[in-house]
Amino acid sequence: MAGVPFGLPLGGVRVLELGGYVSAPYCGRLLADYGADVIKIEPPGGGDEARRMGPFVGDDPHPEKSIPFLYLNTNKRGITLDVETGAGAGLLDRLLESADVLVENYPPDARPAGLEHETLVERYPHLIVTSITPFGQTGPYRDFAATDIVTTAISGLMYHSGDSDQEPLRNALNQSFYVAGINAAVATSAALFQRMFTGRGQVIDVSTVECLASHLVQALPYYNYMGAIKGRRPVRGSGFEELMPARDGYVIPSVQGSQPWSTVAELIGEPALQDERFASGSGRIEFGEEIHDLLIKGLAQWDRKALHQASGERRLVFGMAQDAGDLHDCPHLHEREFFRTVSHPVAGDADYPGMGPRLSGMDYEVRRPAPLLGQHNSEIYCDELGCSAGELTQLKALGAI
């Protein structure tokens, strides 16, 4: 089968991706990273809505230069197909016959005819259907649309983010949809494993809200056992375990670890911090405002990376806030070969984040950049499905591809 690297864990698995934006494409991208032959199906004309999602390479709003789209769709092949036309539905049927997985994120009430879960299960009993929606396929909210801020808020996760004297904070960068994509990929892998023994596929119902709510491992038991609502982080006031300004950015000083207070005070370098009043936890609470002012003075003499290195050498748990430039130049990530350079015919070359987990039996690589819109139409429709060049031209004229 073209495009399938059999030496990888999911080599030989064919995935059709009928989803846009973030959640379904990220699920597909993870499956592709592990070797699945993922065929991204986009509507003719405009393609995936993520192609219009900024930022763009060179600030050029070109459909092949969306940075989120480029990242989300590496290692995939791409075709165009209007599944709501008669000819398009016929082609999709032929693709589904040889597919192992269908990943989609249609709203439950907006699924095209023929893609109802009951129909798919009946017609393709081998198929695993992974469906990602904000609220799942059942329940009173099933038909509600939601953005990232909505799913994060309704999940309860936002309520616990930030300080107790401020409003809840939202995580940035559409993280809820990436979390849903990760959960969908894991569940799909489990379903593929189960199919090895049963020979049958199944429907996977992924709720973005429930994926986030499952992270509340303390808040929900706390409420059930104690009848109390766990609040946001208390305002400490001492500066420890909080973001504090250093000379070139922000750091997180800490008293965690097995070292005595004198080691912390000596590291920061402000002599007044050696005062015995601050040596105990109760003292640091009582004199928190005074410590806070001394930390501001002492940390202003430090650069972030130097403090992070020095604290680690003393077995102290300090941290630093890194921006994208810091991450790109991070010696630790480079030593672990985290980044991969990807060459795209329109967007050019760039370093992409690699895979988080490391498998000793697998070398991760970006086998292909994100596909151009309809890039693999001829390869898949002609070489694999047997359409002639004339039929391909006719299908395009009909608006089916």
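How many bridges join S4 to strand S5 (residues 128–133), and do they run parallel or antiparallel? There are 4 bridges, and the two strands run parallel.

This is a predicted model, so local features need pLDDT of at least 70 and side-chain atom pairs count only at pLDDT 80 or more, while totals for chains, interfaces and linings use all residues. Residues are numbered from 1 along each chain as its sequence is written, and side-chain values use heavy atoms, with hydrogens and water left out.

**View 1. The whole chain, before zooming in.**
The protein chain has 16 helices and 11 strands; helices (H or I, at least four residues) and strands (E, at least two) are DSSP runs, numbered from the N terminus. Its C-alpha trace spans about 85 × 50 × 40 Å along the principal axes. Of the 401 residues, 45% are buried, where buried means under 20% relative accessible area with a 1.4 Å probe, protein chains only. Among contacts (heavy atoms within 4.5 Å) with a separation of 6 or more, 68% link residues 24 or more positions apart. The chain exposes about 20,100 Å², and carbon and sulfur atoms supply 54% of that; the areas come from the Shrake-Rupley method with a 1.4 Å probe. As for charge, the mean positions of the 33 positive and 52 negative charges sit 2 Å apart. Lys and Arg count as positive and Asp and Glu as negative, leaving out His and the chain ends, and each charge is placed at NZ of Lys, CZ of Arg, CG of Asp or CD of Glu.

**View 2. Strand S4 and its two partners.**
Strand S4 covers residues 101–104. Val101 and Val103 point one way, Leu102 and Glu104 the other, and all are buried. In a regular strand the side chains alternate between the two faces of the sheet. S4 pairs with strand S1 (residues 14–18) in the parallel sense over 4 bridges; pairing here takes at least two DSSP bridges between two strands. Look for leucine 16 opposite leucine 102, and for valine 103 opposite threonine 130 in S5. S4, helix H4 (residues 117–123) and S5 make a right-handed β-α-β unit: with the strands pointing away from the viewer, the path from the first strand over the helix to the second runs clockwise.

**View 3. Leucine 95 and its neighbours.**
Leucine 95 sits in helix H3 (residues 86–97) and is buried, with a relative accessible area of 1%. Leaving aside residues up to four places away in sequence, leucine 95 touches Leu16, Ile41, Ile79, Leu81, Ile380 and Leu385. Isoleucine 380 is 285 residues away in sequence, yet the C-alpha to C-alpha distance is 9.2 Å.

**View 4. Helix H9 and what surrounds it.**
Because 6 of the 8 residues of helix H9 (residues 261–268) are buried, the helix is largely enclosed by the rest of the structure. The buried ones are Trp261, Thr263, Val264, Ala265, Leu267 and Ile268. They pack against helix H10 (281–286), helix H11 (288–299) and helix H12 (304–313). Glycine 269 follows H9 and has a positive phi, near 90 degrees.

**View 5. A sheet of 3 strands.**
The strands form an open sheet in the order S7-S8-S9, with antiparallel pairing. Strand S7 (244–245) and strand S9 (319–320) are the edge strands, each pairing on one side only. S7 is joined to strand S8 (residues 250–252) by 2 bridges. Proline 245 has tyrosine 250 in S8 as its bridge partner.

Conventions. Buried means under 20% relative accessible area, exposed over 50%, partly exposed in between (1.4 Å probe, protein chains only).
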